[in-house]
Amino acid sequence: MKPESKLWQMVKKNLTDIHWTRLESWAMPGVPDVYGIQDGISVFVELKVTKSNKINLSPFQKNWLYNHYLQGGRSFILLQHLGQRALYLFSSSILHSPLSIASKHEYKVELPASQAAWAAIQDTLFHYPLPRNAEDSPL
């Protein structure tokens, strides 16, 4: 199984209160890997796995995520760092700056993550107050 597929399985197993849909983006480059909805709030999440300190997104992914954010949409990057055995959660509002895990992130979880850590990830995905524009981003 590919690393991103393993990450997807981890997300499904630990964030069960969310109606998730895995998206196949071959027809529309840049669309994030998964869509989730809970209590009428929608979120898109791009799943990434890395061993380095870079967040490797294609230009299509950067464009989609950032434009979705600019229109008020909730979208995030969930990055699993294999070397650090950690998960990082980034708002797509960071896409106006260089992409590295040294950037400010909203949440970092050591793996294996506790249920409390997964609950905090879920709360961030659906209830984190997003800045109105990139300049207001606390990240």
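Of the 139 residues in the protein chain, 47% count as buried (under 20% relative accessible area with a 1.4 Å probe, protein chains only). This is a predicted model, in which local features need pLDDT of at least 70 and side-chain atom pairs count only at pLDDT 80 or more, while totals for chains, interfaces and linings use all residues. Residues are numbered from 1 along each chain as its sequence is written, and side-chain values use heavy atoms, with hydrogens and water left out.

Let's start with the layout. The protein chain has three helices and six strands (DSSP runs of H or I with at least four residues, and of E with at least two, numbered from the N terminus). From the N terminus on, their order is α-β-β-β-α-β-β-β-α.

Now to the interior. Nonpolar side chains tend to be buried together in soluble globular proteins. Here the largest nonpolar core has 22 residues (buried Ala, Val, Leu, Ile, Met, Phe, Trp, Tyr and Cys joined through side-chain atoms within 4.5 Å). At least two residues of this core come from each of α1 (3-14), β3 (41-50), β4 (75-81), β5 (86-91) and α3 (115-127). It is α3 that gives the most, with five residues.

W20, L87 and L125 have the most contacts inside this largest core. Leaving aside neighbours within four places in sequence, L87 is in contact (heavy atoms within 4.5 Å) with residues including L7, M10, L78, W118 and I121. A second, separate core of 13 residues includes F44, L79, Y88 and I94.

Finally, the surface: the protein chain exposes about 7,500 Å², and carbon and sulfur atoms supply 52% of it (Shrake-Rupley method, 1.4 Å probe).

How values were computed: Buried < 20%, exposed > 50% of the residue type's maximum accessible area, 1.4 Å probe, protein only.
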